[in-house]
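Please read the report below with the sequence and the model open side by side.

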Amino acid sequence: MFQTFVKAWKTPELRKKILFVLFILVLYRIGAVLPVPFVNAENFSSVFSGTIFTYLSTLSGGALANATLFALGISPYITASIVIQLLCVAFPRLGELSKQGEEGKQKINTYTRWVTVALSLVTAIGYYMLLANNGMLVTTATQLYGGPWFLYAVLIVLCFCAGSAIVMWLAERITENGLGNGISIILFFNIIQSLPSAIINMVRVTIVGFRQSAGLGILGLGLALLVLLALLAMIFFIVFITGSERRIPVQYAKRVVGRKMYGGQNTNLPLQLNMSGVMPVIFASSIVTLPATIMTLCGVTATTDNFWGGLYRFLGADGWFYPLLLFILIIAFAYFYITISFNPVEVSNNLKRNGGMIPGIRQGRPTAEYIARILSKITLMGALFLSIIAILPTIANPLILSPLLKVIVSDAGADVLFSVFGTSYATNIISSIASTFTFGGTSILIVVGIALETAREIEGQLTMRNYKGFLS
């Protein structure tokens with residue numbers, strides 16, 4: 001993969017596209033640190049540590065926790081894309097519009113933009129209410145202190161909506177003029193930007209442990225190495241499964257055209273095990289976090305003592321229903337994505353037109369049904385792979401990680417290792433590590449999947465530009 005990027009950098013046209021993507025990402029990073037007026041969210045991370053907002057902040061590159069211009073991130077655009085794709089399947093007329101070439105595609109994009117604006121407005125209002133209810137606004141911007149607080153609210157909401165629209169525009173520019181899908185590239189950038197701080201934190205904790213005693217330092221180093229080995233193992237497994245494919249043998253009959261004979265060769269039809277890529281995980285994560293996010297925006301928390309508080313705890317990431325729902329949604333979206341992106345009937349017709357056939361299978365409808373059966377089986381295997389990787393850290397956290405960490409910190413001397421800047425490990429760091437493991441599988445899937453998809457996109461463009469043609 002690294003050789004692919006090196007070759008792309010040496011190609012002038014691809015180098016321009018790479019530089020354009022980097023320029024867009026720099027613009028995004030500038031917007032992610034621009035403060036919104038009358039907002040002071042310094043305590044956001046501590047108040048909502050270990051909640052669903054930790055994951056949403058990761059997807060926004062930390063902008064949500066800092067309540068900056070791009071606080072809503074790419075999530076409204078992703079949700080709007082999901083809604084429009086579902087509507088294309090539910091309403092045949094809208095689905096036909098998406099197949100009418102460039103003009104139909106432009107209309108679908110227009111609908112997606114309007115839905116994004118509507119979702120951004122609703123989310124921005126809820127986010128403003130969340131900030132106001134937790135004392136993260138200046139006093140004059142809240143209703144409690146009178147004055148023109150409504151104008152402050154309008155300004156703050158419009159800033160968040162404008163930031164979401166700008167992020168949508170940046171993603172579309174990457175898709176049109178850069179490499180790969182703009183949504184995926186921005187998500188990839190947002191997730192990996194937190195990697196250096198995580199590494200620095202591990203190194204800092206280990207150094208503090210060695211300063212106290214050799215035993216505590218070895219303990220901290222062992223935990224860091226354990227996390228690193230688990231990360232590498234998951235990456236290796238994801239790459240292995242992503243590169244796996246089922247090859248259906250295809251034979252082409254001999255035919256005479258003029259004075260030449262064509263066909264007669266044997267080839268295969270490759271069907272990737274994980275043909276849908278990382279999109280089912282992105283879609284499912286966006287949907288499964290939506291109920292808890294809406295309730296949190298409305299002021300409901302895990303400590304709320306009523307029906308809504310119980311529902312929030314039931315839907316929380318530390319409960320049993322969250323991984324179960326995520327598991328089911330990933331499988332459902334995997335089948336949905338394959339349905340809209342791969343048509344066995346069309347593949348069967350193409351084989352028939354070119355004189356190809358699958359040995360032992362008649363051409364036409366039997367071939368389409370045979371391909372559909374195989375596609376259904378490998379889609380199930382790929383969806384199970386995605387689901388297991390996504391929910392494994394969520395299940396391992398309450399069953400293995402949390403009890404292990406509690407046993408470690410139960411020793412009075414072990415807590416010294418995790419006391420950094422006066423903050424007790426038992427009260428703060430455990431929750432942050434737990435949240436990291438809870439959403440780690442999903443983040444790793446997104447990062448590795450997007451990296452592989454981008455590498456394939458670059459390889460495809462390199463192949464087209466290096467192809468000499470028949471006259472060379």
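## Cysteines

How many disulfides does the structure hold? In this predicted model, the structure holds 0 disulfides. C159 is in no disulfide, and the cysteine sulfur nearest to its own, that of C161, is 9.4 Å away.

## Overall build and confidence

The protein chain has 20 helices and 5 strands, and buried residues make up 44% of its 472 residues. Of the contacts between residues at least 6 apart in sequence, 73% join residues that are at least 24 apart.

The mean pLDDT of the protein chain is 76, with 77% of the residues reaching 70 or more. Among the elements, helix 9 (residues 149-177) has the highest mean pLDDT, 88, whereas helix 19 (residues 425-438) has the lowest, 45. Over residues 409-432 the pLDDT is below 50, although in the model this stretch has 38 contacts beyond near neighbours in sequence. Residues 468-472 also stay under 50 in pLDDT, and for them the model has 0 contacts beyond four places in sequence.

## The second largest pocket

The second largest pocket has a volume of about 1,600 Å³. Its lining consists of 47 residues, and those that lie nearest its centre are Q85, K105, N181, Y337 and I340. By class, the residues of this lining divide into 20 polar, 17 nonpolar and 10 charged.

Which helices each supply at least two residues of this lining? They are helix 6 (75-90), helix 7 (92-97), helix 8 (101-133), helix 9, helix 10 (182-192), helix 13, helix 16 (321-341) and helix 20 (440-466).

## Cavities

A search of the whole structure finds 4 cavities of 30 Å³ or more. The largest cavity holds about 70 Å³ of space, and its lining is made up of I238, T242, N274, G277, V278, F385, L386, L445, G449, L452, E453 and R456. Helix 12 (214-242), helix 18 (365-410) and helix 20 each supply at least two of the lining residues, with helix 20 giving the most, 5 residues. The lining of the largest cavity has 6 nonpolar, 4 polar and 2 charged residues.

The second largest cavity holds about 40 Å³ of space, and it is lined by L273, N274, M275, S276, A334, I338, T379, G382, A383 and L386. Helix 16 and helix 18 each supply at least two residues here, and helix 18 gives the most, with 4 residues. By class, this lining has 6 nonpolar, 4 polar and no charged residues.

## L273 and its surroundings

Where does L273 lie? L273 lies in the loop between strand 4 (266-272) and helix 13 (279-288), and this residue is one of those that line the second largest cavity. The C-alpha atom of L273 is separated by 8.9 Å from that of A383, which is 110 residues away along the chain; A383 also belongs to the lining of the second largest cavity.

Leaving aside neighbours within four places in sequence, L273 is in contact with I241, S244, E245, I378, M381 and G382, and G382 is another of the residues lining the second largest cavity.

## Two positive phi angles

F38, in the loop between helix 2 (12-33) and helix 3 (44-47), has a phi near 70°, a positive value in a residue other than glycine. A67, in the loop between helix 5 (63-66) and helix 6, also has a positive phi, of about 50°, although it is not a glycine.

Which accessibility class does each of them fall into? With a relative accessibility of 31%, F38 counts as partly exposed, whereas A67, at 1% relative accessibility, counts as buried.

Methods. Residues are numbered from 1 along each chain as its sequence is written. This is a predicted model: local features need pLDDT of at least 70, side-chain atom pairs count only at pLDDT 80 or more; totals for chains, interfaces and linings use all residues. Side-chain values use heavy atoms; hydrogens and water are left out. Contact means heavy atoms within 4.5 Å. pLDDT is the predictor's confidence in each residue, from 0 to 100. On a 1 Å grid over the protein atoms alone, a cavity is a set of points where a 1.4 Å probe fits but cannot get out, and a pocket is an open set with protein on both sides within 12 Å along at least five of seven lines; lining residues have an atom within 4 Å of a point. Grid points are joined across faces, edges and corners, and a volume is the space filled by probe spheres set on the points. Ala, Val, Leu, Ile, Met, Phe, Trp, Tyr, Cys and Pro count as nonpolar, Asp, Glu, Lys and Arg as charged, and the others, Gly among them, as polar. A disulfide is a pair of cysteine sulfur atoms within 2.5 Å. Buried means under 20% relative accessible area, exposed over 50%, partly exposed in between (1.4 Å probe, protein chains only).
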